[in-house]
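Subject: Structure handover

Hello,

Here is the structure for your files. My notes on what was found follow below it.

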Amino acid sequence: MERKQDIAYQLELFFNGAGNAVHPSSDSEVVSGAEGAKVQQGGLAGEQRRALMHGLMEVVCAEENMQRAYKQVKRNKGVSGIDGMEVGEYAEWYTRNGDTLRHLLLSGSYMPQGVKTVEIPKPNGGVRRLGIPTVIDRVIQQAIAQVLSPIYERTFSGCSYGFRLGRSAQQAVRKASEYVSEGRRIVVDIDLKNFFDVVNHDRLMHRLSETIGDKVLLKVIRRYLQSGIMINGVMSQRTEGTPQGSPLSPLLSNIVLDELDKELERRGHHFVRYADDCNIFVRSQKAGERVLQSISNFIEGKLKLKVNTEKSKVCFSRETKFLGYTIQLDGTLTISWASIKRFKEKIRTLTRRNCGRSLEQIICELNPALRGWLTYYKEAKCATLVRNLDSWIRRKLRCIRLKQCKRVYSLQQFLERQGVRKWQSWIFALSGKGWWRKSGTPQAHEAMGTVWFNELGLYSLSLNYEALHH
């Protein structure tokens, strides 16, 4: 108990001393207080700060921290790793093996298991490789992230928004919109090539060792970086990169790219970064081209990362997209065409006519997708778009319901029950038009109007958009 209190005291010293000396802001680092002045003058050296960070592994392994980590992993759900253990099986395993696991971690003897790799297609072509650690390793990595995140969060740039507590993509696009509305209409869109796959392990470990004095913790992190990856049943060693999809990866990526943030701040640039998506806002094309060249040299020369020259560009804000949004020249946020196209493709998948499900089941599956999409794009000015999408979605659902009637008599009876006059329902039922054309007729609209869909519980994009912007 005394040792744990000592570690907690060390963390408190770090936060109230070195940690609180630097507070991130939207434009630059703001140093406040006498202690902050000492840091800027070199009064509190890096070695002294590192000394405060000994014994962190005991904080990571504390029962309360491990339990909180497991609850977070359980909330995230996810599939099993290479060992086949499901998330729900971990609690029983930990009851039997928790003491052994803690001993291995504290002694530095713990060896992470390999990472199962799956490939998912990217929206713009190619594949994204995701790593799936075992449940045990996910819990340990989450426990490490919970301890390290508060330490590093205090030093991160105010212009960084990705994977940070209390920050979101919506805040990032709002800030970008502010820059454009101020007259910085030219965007330097820097695309990092396979960022998570090419992170230099030695540079990352050096960055970590500048703050963390616990060698056991550093050893465990190094082993996670170098843990094997399994592709199609074959295990291979990783020499660079961090497994995208692991709980620790977001924090490590922010630590790597924090150097870029600090360099951009030092040069006085106006920028917004979300994970590896970085946009710099300038006033002229010439300035943008100069910035792209100099920052690319810094990224490749200093950070040892690769810039995708084919996708990186300098252009007007409306000619590119940022986190699925397009920023018009007056700063107005709209939804990019690529995002709209992906959304409509998802709706088509969920509303296939030959799916063999009831309309109620389809609506239940559709609603979370609609709600999530609108929640993400709530910052966009898109009242007309959401009305048109609502109309298109209702027509697709009408098409499904009409096809489910199958026979002419069943179709006529359904329409008549819905209030369509008998002679009109017979004309409709006997029509030789296809299902899609029938779904757009006045009879179909009368039988299955907006009120009917509301009663079925269909999520309305337009009504909820108005409520969000009221």
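Helices (H or I, at least four residues) and strands (E, at least two) are DSSP runs, numbered from the N terminus. The model is predicted, so local features need pLDDT of at least 70 and side-chain atom pairs count only at pLDDT 80 or more, while totals for chains, interfaces and linings use all residues. Residues are numbered from 1 along each chain as its sequence is written, and side-chain values use heavy atoms, with hydrogens and water left out.

Loop between H5 and H6

Isoleucine 82 is found in the loop between helix H5 (63-76) and helix H6 (90-107). Its relative accessibility is 30%, so isoleucine 82 counts as partly exposed; buried means under 20% relative accessible area, exposed over 50%, and partly exposed in between (1.4 Å probe, protein chains only). Glycine 114 is 32 residues from isoleucine 82 in sequence, and the C-alpha to C-alpha distance between them is 6.9 Å.

Lysine 77 also belongs to the loop between H5 and H6. Lysine 77 is exposed because its relative accessible area is 61%. Its phi is positive, about 60°, although lysine 77 is not a glycine. Most residues other than glycine have a negative phi.

Leucine 323 has a positive phi too, about 55°, and is not a glycine either. This residue is placed in the loop between strand E10 (313-316) and strand E11 (325-327). With a relative accessible area of 15%, leucine 323 is buried.

Whole chain

The secondary structure comes to 22 helices and twelve strands. The chain has 470 residues, and 48% of them count as buried. Its accessible surface is about 23,400 Å², with 50% belonging to carbon and sulfur atoms; these areas come from the Shrake-Rupley method with a 1.4 Å probe, and for residues only the protein chains shown count as cover. Taking contacts between residues at least 6 apart in sequence, 72% join residues at least 24 apart, where contact means heavy atoms within 4.5 Å.

Glutamine 146

Glutamine 146 is found in helix H7 (residues 135-153). Is this residue, glutamine 146, buried or exposed? Glutamine 146 is buried, because its relative accessible area is 12%. Leaving aside residues up to four places away in sequence, glutamine 146 touches Asn65, Arg68, Ala69 and Gln72.

Aromatic rings

The structure holds twelve aromatic pairs. In the pair of phenylalanine 163 and tyrosine 274, the ring centres are 6.3 Å apart and the planes are at 45°, so the pair is tilted. For the cut-offs, rings of Phe, Tyr and Trp (its six-membered ring) pair if their centres lie within 6.5 Å; planes under 30 degrees apart count as stacked, over 60 as edge-to-face and the rest as tilted.

Phenylalanine 163 is partly exposed, at 45% relative accessible area, and tyrosine 274 is partly exposed at 22%. One aromatic cluster is formed by Tyr325, Phe343, Trp373, Tyr376 and Tyr377.

Charges over rings

Arginine 167 lies over the face of tyrosine 161, 4.8 Å from the ring centre. A charge sits over a ring if NZ of Lys or CZ of Arg is within 6 Å of the ring centre and within 35 degrees of the ring normal. The charged end of arginine 395 sits over the ring of tryptophan 436, at 4.2 Å from its centre.

Regards
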